[in-house]
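Trainee: Could you help me see how the terms used for a protein structure follow from the values behind them?
Mentor: Happy to, so let's look at it together.

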Amino acid sequence: AREIEVSQNPSVDVAARLAGSLTMWDPPATASVTLTLGTNLFYGPMREPDTTIPEQAVFCVNEGGPPPQAFMSYATHGSFKRAFVRVDVRSTLDAFNTGEALAHACASRLMFATLTGYVSCKVLSSQPDYLGSDERGVHGWSFIVELAWREAA
């Protein structure tokens with residue numbers, strides 16, 4: 001796994017850092033797309049396609065996380081924190097197979113990815129959830145990624 005550079009404070013913009021890890025990766029040919037942050041890969045909630053957001057796109061949004069846990073003695077060693085990031089994948093019109101391939105490729109890429117500053121990165125399901133299609137025939141998938149890190153006192 002390729003290591004991704006992040007800042008010294010992994011708790012800031014967790015979804016943006018996760019999205020950044022997808023930009024440094026070439027999906028398999030079955031996914032038929034290269035992800036580029038700000039072009040077809042975004043952090044934040046899923047948005048409708050328009051002149052700046054294509055139909056086929058990936059979105060990473062923070063979903064919160066459980067309370068911090070003391071790491072040994074909090075005053076001396078800080079805390080252990082976890083955050084959940086939802087990754088939403090949207091296909092192009094009537095392109096179920098390529099959309100599904102992209103969702104699976106993203107989940108595979110992020111499962112146990114090595115991200116600088118994080119103790120772990122793991123996808124919490126074996127397969128992305130199929131969300132169905134909208135009235136236009138655009139399909140969607142979603143999965144949750146858990147990131148964990150230790151924060152100094």
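Mentor: Two strands count as paired if DSSP finds at least two bridges between them. Keep in mind that this is a predicted model.

Trainee: What makes S4 and S7 a pair?
Mentor: Strand S4, residues 79-93, is joined to S7 in the antiparallel sense over 13 bridges. The definition asks for at least two, so they pair. Ser-79, for instance, stands opposite Glu-151 in S7.

Trainee: How do you know that S5 pairs with S7?
Mentor: Strand S5 (residues 120-123) has 4 bridges to S7, again antiparallel. With at least two needed, they therefore pair. Here Lys-122 has Glu-146 in S7 as its bridge partner.

Trainee: What joins S6 to S7?
Mentor: There are 4 bridges between strand S6 (residues 129-133) and S7, and the two run antiparallel. S6 and S7 form a hairpin with 4 residues between them, and Gly-137 in the turn has a positive phi of about 95°.

Trainee: Why is Asp-94 called exposed?
Mentor: Its relative accessible area is 61%, and exposed means over 50%, so Asp-94 qualifies. Asp-94 lies in the loop between S4 and helix H3, and has a positive phi of about 55° although it is not a glycine.

Key
Residues are numbered from 1 along each chain as its sequence is written. This is a predicted model: local features need pLDDT of at least 70, side-chain atom pairs count only at pLDDT 80 or more; totals for chains, interfaces and linings use all residues. Side-chain values use heavy atoms; hydrogens and water are left out. Buried means under 20% relative accessible area, exposed over 50%, partly exposed in between (1.4 Å probe, protein chains only).
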